[in-house]
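Try each task on your own, then read the solution.

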Amino acid sequence: MSSPNPKITIGLPFYNASKTLAGAIRSVFAQTFTDWELIMVDDGSTDDSLEIARKVNDPRVRVISDGAHKKLAARLNEITRLARGQFIGRLDADDLCDPTRFEKQIAFLESNPEVDLVSSDWFSLGPDDELKGCRYHPTTHEEICRSPLVKGIDICHACITARRGWFEKHPYPEDYSISQDTALWLSSWADSTFACLPEPLYYFREYESYSLRKFCRSKMYYIKAIWQYGRVHSCLLPVIIATMGVLARLGIAIILSIFHLQQHIIARHSRPPTQDHVQRFQNALEIIRNTPVPGLD
């Protein structure tokens, strides 16, 4: 039975994700924590993503569609308004969650009431779901936000689980069609407490989602966020330095792309997977792939 007040709402917005959506859904059903509701919001897909979502037959699942293409920030805010859970967890339609992700993140938030939001480390996957590397992040708010403008807020957006009240207090800026997370972090970090679990609980298909155009657009919106929100907490000099740093990274990305070295942009922050990582990932992937989803199987 569906609980009227589930512990967590898992928000899954999607747009033309027919190739990967079923896998993302399956990774939710594979969770060791079961007191959840899943809200899937279609952003005006033109493929058969909506049909896939609507096939799922479980009372914990709600599918929302209005036919419009409002972009990610608006859909994430919509999920917050619809959520019934005490916590809200993010999941992108082209990624996967480790089966223990929400159990561990909820336990951490319940044990640390001063923390508003928790993320995790994550695995980077290649085109055929091969494990390419592991991304690590600092664990405490002070480390995560050590240099918010120049180095950015060091947290993975797709991996986050936060208290519903925090999302209600800090909505996504809907004038950002990309890099909504950067704007959200810069507008909220000073009156929030962030944390990160030091283990990979999210599987990110970043090799398939990267494009130079998307990278360039994200950096331009990053600069917008720095100037819009950075001056609230800092004097002008750090804002200028941060802007120059973003432009320098953008230039490097363009040069690498000219020489067809785009993978270096993705791989530069990853560490090679250890044997333990490989075994952990393979075990988790097997669990996810073998988990039945009512209506899809």
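**Exercise 1.** How many disulfides does the structure hold?

*Solution.* Before counting, know what you're looking at: this is a predicted model, in which local features need pLDDT of at least 70 and side-chain atom pairs count only at pLDDT 80 or more, while totals for chains, interfaces and linings use all residues. Residues are numbered from 1 along each chain as its sequence is written, and side-chain values use heavy atoms, with hydrogens and water left out.

Step 1: take the cut-off, which is two cysteine sulfur atoms within 2.5 Å. Step 2: count the pairs, and you get 0 disulfides. Step 3: check an example. For Cys-134, the nearest cysteine sulfur belongs to Cys-196 and is 10 Å away. Step 4: look at the surroundings of Cys-134. At 1% relative accessibility, Cys-134 is buried (buried means under 20% relative accessible area, exposed over 50%, and partly exposed in between, with a 1.4 Å probe and protein chains only). Cys-159 is buried too, at 0%.

**Exercise 2.** Which residues of the largest nonpolar core touch the most other members, and which element gives the largest share?

*Solution.* A nonpolar core is a set of buried Ala, Val, Leu, Ile, Met, Phe, Trp, Tyr and Cys residues joined through side-chain atoms within 4.5 Å. Among the 37 residues of the largest core, Leu-12, Leu-21, Ile-25, Leu-38 and Met-40 touch the most others. Step 3: see where the core comes from. Elements giving two or more residues to this core include strand 1 (8–14), helix 1 (21–29), strand 2 (36–42) and strand 9 (194–204). (Helices, H or I with at least four residues, and strands, E with at least two, are DSSP runs numbered from the N terminus.) Step 4: find the top contributor, and that's helix 1, with 5 residues.

Step 2: zoom in on Leu-12. Skipping neighbours within four places in sequence, its contacts (heavy atoms within 4.5 Å) include Leu-21, Ile-25, Leu-38 and Met-40. Apart from this core lies another one of 34 residues, with Val-41, Ala-162, Tyr-176 and Leu-186 among them.

**Exercise 3.** Why is helix 3 said to be largely enclosed by the rest of the structure?

*Solution.* Step 1: count. In helix 3 (residues 72–82), 8 of the 11 residues are buried, so this helix is largely enclosed. Step 2: name some of them. The buried ones include Arg-75, Asn-77, Glu-78 and Ile-79. Step 3: look for the cover. It includes strand 1, strand 2, strand 3 (61–65), strand 4 (87–90), helix 6 (164–169) and helix 7 (180–188).

**Exercise 4.** What kind of aromatic pair do Phe-123 and Tyr-203 form?

*Solution.* Step 1: recall the rule. Rings of Phe, Tyr and Trp (its six-membered ring) pair if their centres lie within 6.5 Å; planes under 30 degrees apart are stacked, over 60 edge-to-face, and the rest tilted. Step 2: apply it. The Phe-123 and Tyr-203 rings are 5.6 Å apart centre to centre with 25° between the planes, so the pair is stacked. Phe-123 sits in strand 6 and Tyr-203 in strand 9, so the pair ties together parts 80 residues apart in sequence. Step 4: compare another pair. Trp-166 and Phe-167 have ring centres 5.3 Å apart and planes at 75°, so they're edge-to-face.

**Exercise 5.** Is His-277 buried or exposed, and what does its side chain make a polar contact with?

*Solution.* Step 1: find His-277 in helix 12 (residues 275–289). Step 2: check its relative accessible area, which is 12%, so His-277 is buried. Step 3: look for the partner. The His-277 side chain makes a polar contact with the side chain of Tyr-136 at 3.4 Å (a polar contact is a pair of N or O atoms within 3.5 Å; within protein, one must be able to donate a hydrogen and the other to accept it, and residues adjacent in sequence count only if both atoms are side-chain atoms). Step 4: link back to earlier exercises. His-277 is also in contact with Phe-123 and Cys-134, among others.
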